[in-house]
Amino acid sequence: MLAAFMELALEQAKSALDNLEVPVGCVIVEDGKVISSGSNKTNATRNATRHAEMEAIDVLLRQWQSMGLDQPQVADKFAGCDLYVTCEPCIMCATALSILGIREVYFGCANDKFGGCGSVMSLHKGSTSSSDDLSRCQASKPKGFKCTGGIMAEEAVALFRCFYEQGNPNGQPRCMSSHPHGVRGRPQGLTDQYERLNSDWFVYLDYNHSAENLMNADIHAWLYPANLAT
């Protein structure tokens, strides 16, 4: 079943590639059924936070909130869900998944420069000294999740090779550097380049719009509590 669900995630990634997006795709599974899917939409939205995982998560949040589920009920729902994604979640996405309390994550290829599930940081392990630095709020304390990588990794890497060969037309990055360490206050120069993850967290991005392609982009990200945005 792992390969079958990852195949569906790869289909999402291929769709992203066809739309000139960084080819990352995912599906969220509950009780053996796909209940949400997502693909990278950073170019289409001109928003560097719209990773595949965020797209799939937002579908479920809208659906469950429209059903009248409160925050504890939504948390219970996520606790019964697994995510299949073609590339190791970045630091931002891994943190969001940990806060939401997803049960397990399966990914394809590693994200050696920006991965939040072991490659750069191990946010899937839950509360760490670095995550404690990010927040003093117990309500949004990362819960952690099980994580397994290397599922159909070669297929995922092949899609990235295709993308890099054709070039990223808009130079919009998918991945984020590991700069949430030691954040103590609101980032300087806060603009509209920030995205609310939930009621407790924002992510702020600073990246080079003039970069010729993803490989040359200068990207920084800070994850910080929402109360610092006021």
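This is a predicted model: local features need pLDDT of at least 70, side-chain atom pairs count only at pLDDT 80 or more; totals for chains, interfaces and linings use all residues.
Trainee: Where in the chain do Glu30 and Lys77 sit?

Mentor: Glu30 is in strand S1, residues 25–30, and Lys77 is in helix H4, residues 71–78. The two are 47 residues apart, and the pair links distant parts of the chain.

Trainee: Is Glu30 buried or exposed?

Mentor: Glu30 counts as buried because its relative accessibility is 17%, and buried means under 20%.

Trainee: And what about Lys77, how does that one count?

Mentor: Lys77 has 25% relative accessibility, so it counts as partly exposed.

Trainee: Moving on. Which residue does Glu55 form a salt bridge with?

Mentor: Glu55 forms a salt bridge with Arg50, and the closest N and O atoms are 2.9 Å apart. Asp58 also forms a salt bridge with Arg50, with the closest N and O atoms 2.5 Å apart.

Trainee: Is Arg50 buried or exposed?

Mentor: Arg50 counts as buried, because its relative accessibility is 10%.

Trainee: How do Glu55 and Asp58 count, then?

Mentor: Glu55 counts as buried because its relative accessibility is 17%. Asp58 has a relative accessible area of 22%, so it is partly exposed.

Trainee: Different topic, the surface. Which residues form the negative patch?

Mentor: The negative surface patch is formed by Glu7, Glu11, Glu154 and Glu155.

Trainee: Which elements give two or more residues to the patch?

Mentor: Those are helix H1, residues 2–18, and helix H7, residues 153–166.

Trainee: Take Glu7. Which helix does it lie in?

Mentor: Glu7 lies in helix H1.

Trainee: Why does Glu7 count as partly exposed?

Mentor: Because its relative accessibility is 37%, and partly exposed is the range between the buried limit of under 20% and the exposed limit of over 50%.

Note on methods. Residues are numbered from 1 along each chain as its sequence is written. Side-chain values use heavy atoms; hydrogens and water are left out. Patches are made of residues with over 30% relative accessible area and no salt bridge: like charges are joined within 9 Å, nonpolar side chains (Val, Leu, Ile, Met, Phe, Trp, Tyr) within 5 Å. Accessible areas come from the Shrake-Rupley method with a 1.4 Å probe; for residues, only the protein chains shown count as cover. A salt bridge is a side-chain nitrogen of Lys or Arg within 4 Å of a carboxyl oxygen of Asp or Glu. Lys and Arg count as positive and Asp and Glu as negative; His and the chain ends are not counted. The place of a charge is taken as NZ of Lys, CZ of Arg, CG of Asp or CD of Glu. Helices (H or I, at least four residues) and strands (E, at least two) are DSSP runs, numbered from the N terminus. Buried means under 20% relative accessible area, exposed over 50%, partly exposed in between (1.4 Å probe, protein chains only).
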